[in-house]
Amino acid sequence: MEFKLTREQELVQKMVRDFTETEVAPIAAETDRTAQYPADTIEQLFRYGVMGMNVPKEYGGAGADPISCAIAVEELSKACASTGDIVATHNGLCCGPIINNGTEAQKQKYLRMLTEGHKVGAFCLTEPNAGSDASKGTTTAVLEGDHYVLNGSKIFITNGYVCDVMVVFAMTDPSKGTKGISAFIVESSYPGFSVGKHEEKLGLHGSPTAELVFTDCIVPKENLLGVEGKGFNIAMQTLDGGRIGIAAQALGIAEGAMAEAMAFTKTRVQFGRPISKFQNTQFKFADMHMNIEAGRLLLYKAAYAQATQKRFSLDAACAKLFNSELAMKTTTEAVQMCGGYGYTRDYPVERMMRDAKITEIYEGTSEIQRIVISSNIL
Ligand code: CAA
């Protein structure tokens with residue numbers, strides 16, 4: 001066992017860290033304030049090969065391994081969790097299931113669009129009455145000749161109002177429960193597709209979240225992903241990978257908040273000395289550091305499992321649960337350490353605290369992660 005990154009992983013870390021410091025950090029507060037999708041940043045991330053970095057080279061990507069992908073999201077999320085989220089969703093939730101389940105023709109067409117074509121991807125599973133109980137979706141897909149007709153709506157979709165390509169889950173045989181769900185690749189240009197409500201959220205303001213509506217939406221038969229009836233398995237397999245992306249995002253948020261709190265406490269003088277000189281502050285940083293190290297080990301272990309194992313649900317759930325709770329605790333503590341200043345929009349820790357909360361909710365709540373962990377170990 002070796003606890004060090006490969007040369008390639010170090011290069012990814014350095015490249016994305018430099019990019020984050022020069023291009024992402026300076027606009028993170030403005031992105032949050034204006035709730036503006038960071039289109040220029042995402043365009044640059046396509047050019048740097050970070051968007052779609054998990055796609056094999058033969059389909060236009062960088063062929064990056066899961067640890068490199070996690071590092072990229074971790075680095076971006078240190079400064080801007082919205083950017084980390086957009087990238088994690090595109091890579092893990094849209095490119096991921098096409099890489100794992102697509103036909104050669106689907107991979108050639110869609111993975112190239114999602115890399116060289118600079119088209120943004122999304123993943124459409126959640127519905128108004130099917131959140132944690134993901135199998136209860138009511139969107140239907142009916143085969144009519146050479147195409148499927150999709151009807152229904154999906155909510156809380158990351159990249160929702162900017163995406164060009166979606167992986168959509170719909171019932172092809174409602175009588176069969178989870179075995180009646182199928183997955184489809186849908187383009188936003190298809191007739192019958194429309195964007196519904198844009199969500200206004202507590203945090204992640206730069207990440208575009210929307211309802212997506214399918215009204216007699218025509219999807220070519222060849223866009224069925226995998227085989228009919230295997231959609232739920234594809235969704236679960238994809239979410240295992242996606243949860244590693246959220247763990248990386250959460251870890252990055254925690255690291256960013258700790259760095260901000262350290263900088264603040266080193267210069268903030270009260271009772272005659274910087275507050276970093278008080279043991280109360282030092283012990284808090286000691287705990288933060290220890291927990292961040294533990295979170296990173298869980299994250300990289302899960303990403304390693306993704307690279308080497310067929311099923312990695314347990315490692316992914318542990319990494320997501322630990323890091324999302326770490327992000328919430330660390331950002332809350334960082335706001336406390338920065339006091340009144342930390343509560344204002346002049347300092348980034350309040351944004352980080354708002355951004356952290358969703359990591360305990362999306363791609364499977366903390367409660368769902370505990371279900372996955374306990375069912376895997378008992
Ligand atoms: N990989 C592959 N297959 C899996 C799997 C996995 N990790 N987990 C389960 N399956 C398969 C099972 O083997 C079973 O298949 P068979 O019937 O062929 O044996 C089938 O799926 C059903 O399994 P379960 O009976 O365990 O399923 P369940 O209905 O009890 O659900 C659950 C289990 C873990 C609670 C699941 O519903 C779940 O993860 N819920 C949370 C949903 C979620 O994370 N939603 C996030 C939405 S996406 C998002 O947030 C992104 C965004 O854009 C914001």
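**Figure 1. Residues surrounding the ligand in the predicted model.** In total, 23 residues surround the ligand, and the closest are Ser 132, Lys 179, Asp 240, Arg 243 and Gly 364. The structure shown in this and the following panels is a predicted model.

Figure 2. On its own the ligand has 1100 Å² of accessible area, of which the protein covers 72%.

**Figure 3. The salt bridge between Asp 32 and Arg 354****.** The closest N and O atoms of Asp 32 and Arg 354 are 2.8 Å apart. This pair links distant parts of the chain, with Asp 32 in helix α1 (residues 7-34) and Arg 354 in helix α9 (residues 349-357), 322 residues apart. Asp 32 and Arg 354 are both buried.

**Figure 4. The salt-bridge network that includes Glu 350 and Arg 354****.** Glu 350 and Arg 354 form a salt bridge in which the closest N and O atoms are 2.8 Å apart. These two residues are 4 residues apart in helix α9, and therefore separated by about one helical turn. An α-helix has 3.6 residues a turn, so residues three or four places apart point the same way. Glu 350 counts as buried because its relative accessibility is 10%, below the 20% cut-off. Arg 354, at 11% relative accessibility, likewise counts as buried. Salt bridges link Asp 32, Arg 345, Glu 350 and Arg 354 in a network.

**Figure 5. The salt bridge between Arg 112 and Glu 116****.** The side chains of Arg 112 and Glu 116 meet at an N to O distance of 2.9 Å. Arg 112 has a relative accessible area of 26% and is therefore partly exposed. The count of salt bridges in the model comes to 21.

**Figure 6. Helix α4 and its kink at Cys 95****.** Helix α4 comprises 21 residues (residues 81-101), which at 1.5 Å a residue should span 30 Å; the end C-alpha atoms are 29 Å apart, in agreement with that expectation. A kink of about 40° lies at Cys 95, shortly before the proline Pro 97. Of the 21 residues of α4, 18 are buried, so the helix is largely enclosed by the rest of the structure.

Note on methods. Residues are numbered from 1 along each chain as its sequence is written. This is a predicted model: local features need pLDDT of at least 70, side-chain atom pairs count only at pLDDT 80 or more; totals for chains, interfaces and linings use all residues. Side-chain values use heavy atoms; hydrogens and water are left out. The expected span of a helix is 1.5 Å times one less than its number of residues. The bend at a residue is the angle between axes fitted to the seven residues ending there and the seven starting there. Buried means under 20% relative accessible area, exposed over 50%, partly exposed in between (1.4 Å probe, protein chains only). A residue is near a molecule or strand if one of its heavy atoms lies within 4 Å of it. Accessible areas come from the Shrake-Rupley method with a 1.4 Å probe; for residues, only the protein chains shown count as cover. A salt bridge is a side-chain nitrogen of Lys or Arg within 4 Å of a carboxyl oxygen of Asp or Glu.
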